[in-house]
Amino acid sequence: MNDETHVRVAVIGGGCAGAYSALRLQRAERGPVVLFEYGDRIGGRLYSRTLPGMPHVHAEVGGMRFIREKHKLVVGMIEELGLKARSFPMGHRDPKIGSNQNFVYLRRRHLRYGELSNSVKVPYELNWPERDMNPDELQTWAYRYLVPNWDTATLDDLFKVHVFGKPLYKYGLWDLLYLVMSGEAYEFMRDAGGYDCNVANANAVSSLPSDDFGPTVVYETLVKGYDQLPIQTVNTFVKEGGEVRHHHRLKSIVRKDGGGVRLAFVRTETETANDAVRRTVVDTDDHFTVDADHVVLAMPRRSLELIDWTPLREDKMLRHDLKTVIKQAGIKLLLGYEYPWWKALGLEAGRLITDLPIRQVYYFGSEQEAIDGERGNSNALLMASYNDLSTLPFWKVFENDPAFRGRNPGEPTNPDVLNVLPQHHPATTGMVEMAQLLIAEVHGMRTLPTPYTAVFQDWTEDPFGAGWHAWKAGVDFRHTMKRIRKPIDDWPVYICGEAYSFNQGWVEGALQTAELMLEEHFGLNRPTWLAKDYSLGP
Ligand SMILES: Cc1cc2nc3c(=O)[nH]c(=O)nc-3n(C[C@H](O)[C@H](O)[C@H](O)COP(=O)(O)OP(=O)(O)OC[C@H]3O[C@@H](n4cnc5c(N)ncnc54)[C@H](O)[C@@H]3O)c2cc1C
């Protein structure tokens, strides 16, 4: 490894925002640019895992899809890097059926997704004006009632809107909905929407009906896994002269006499425990410094909070700004079976939604159906639980149970066999047993085939601290976003990433803040593949 102690630009964080910033800066000849990453992999909250027995089916334990029509920076990068995309189906391949046939299980009643707008069938006591609408339609109805021009107003207009005498941005979505909706309708929206966070108390201006998850949205993903986006961005960065240093945790930043900053790093290492199931990135005793003219912190709120940098403790505005976003939990548990048993129930792709703590189940295909998949290999992947916020404690309790060890497909359980991927917190026997119980119930089945492998990911762990973020009520995030990209005038320190973006919870948000930071503070021109009039947000 090149242990150069002075670099022009240090980019910290090998997630999407860091990878993008590093490549753009390298191409604009602002280097030498060095990308420092805490762990052993590139990707951050994109992490496409290959489970045993399914080499071509990617278990996305983080972000998994994009929307071509909306995510212009993601699509631009995919094309620039020559990556292959494929559709991410949300239901039956006949578009007339689509997701409508998928199951919904609420208050112990089985429904089809298409029946969510039939209030005779949904088990919630809805008021008259709330009837015959699915959760997305209910949210749109509430906004139309409270903010009649919500869908044509500009962001600046929305910050001027008052609802019942109070600025819209001072409401949390939950509080706002309670002004017009029954508690039953709110619970229906939360339960049937699949994500708690969609109706949690985020800033009402950033919670407009978005159609990011509605039944007609067309999603895509990458053939080799969504984390290929940052991985190939970094590979290109290296090919073009950039340098990556893995296993480097930025610990502190101090000002250097004569300009620039001194960065203190701890070398980390990836340690696999004796049971070969637990793998953790840990600090070593190796501490050293690197001087940089500029440093880009491409990371979320919790990662920033873990850095020792005086302004993070002492600058009133930065301390305030850092806390303007809510950290939202995100957890996934994926199971591998010897065959896609759900197909016999007419379920092909997309999701099941329930109020049970598994919340969302996603059906992925089998190895033999995957692009370039192995013929005759029917091993198949199920996202057994995709849950957030309120259901986190339900799964955390199982964390210290014995690790689930898996077995070879087609063979009975054998204590000598280990057929799972090492993980910081691996899936445990308790989790898998509970998931099986709940999956059987939501599908109306008495018995299920047993999974042969599993993977679990909890994004609330350090250094991430959250799956994604949301603006708090009362925050005029137009100003916060701008400020946080260069929080302190006389420090050459810049911040970007999903957390403080206008598309929180999406890779697009991470890239938008990176692009804004590069254009505003490094004077970079817009890349040729991105339309000049594409809005990057405030
Ligand atoms: C469960 C889940 C589902 C999601 N679904 C989607 C989806 O379908 N589509 C979509 O577009 N988005 C989705 N997202 C959001 C998307 O994953 C994120 O918006 C995006 O990956 C964030 O990128 P980032 O670069 O801002 O941050 P991160 O990916 O968090 O990258 C930060 C990086 O910084 C490193 N780091 C932190 N601290 C230090 C330090 N001190 N020193 C060195 N390195 C450090 C970390 O190791 C990490 O690599 C999902 C997220 C989750 C968790």
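Two strands pair if DSSP finds at least two bridges between them. In this predicted model, that rule applies to strand E19, which is joined to E18 by four bridges and to E20 by three.

**Strand E19 and its partners**
- Strand E19 spans residues 360-366 and is mostly covered, with six of its seven residues buried.
- E18 (residues 350-354) and E19 run antiparallel.
- Across that pair, Arg351 has Tyr362 in E19 as its bridge partner.
- The two strands E18 and E19 make a hairpin, with five residues between them.
- Arg359 sits in the turn of this hairpin and has a positive phi of about 60 degrees.
- E19 also runs antiparallel to strand E20 (residues 380-388).
- Here Tyr363 has Leu382 in E20 as its bridge partner.

**Shell around the ligand**
- The ligand is surrounded by 41 residues.
- Gly13, Gly15, Gly44, Gly63 and Gly497 are the closest.
- Sorted by class, the shell holds 20 nonpolar, 15 polar and six charged residues.
- At least two shell residues come from each of helix H1 (16-27), strand E12 (248-255), strand E17 (330-337) and helix H14 (507-521).

**Domains at the ligand**
- The ligand lies between domain 1 (6-44 + 227-328 + 467-521) and domain 2 (48-90 + 330-458), because both domains give residues to its shell.

How values were computed:
Residues numbered from 1 in each chain as written. Predicted model: local features only at pLDDT ≥ 70, side-chain atom pairs only at ≥ 80, totals over all residues. Near = placed C-beta within 6 Å. Nonpolar A, V, L, I, M, F, W, Y, C, P; charged D, E, K, R; others polar. Domains from an automatic or database assignment. Buried ≥ 20, exposed ≤ 12 C-beta atoms within 10 Å, placed from the backbone.
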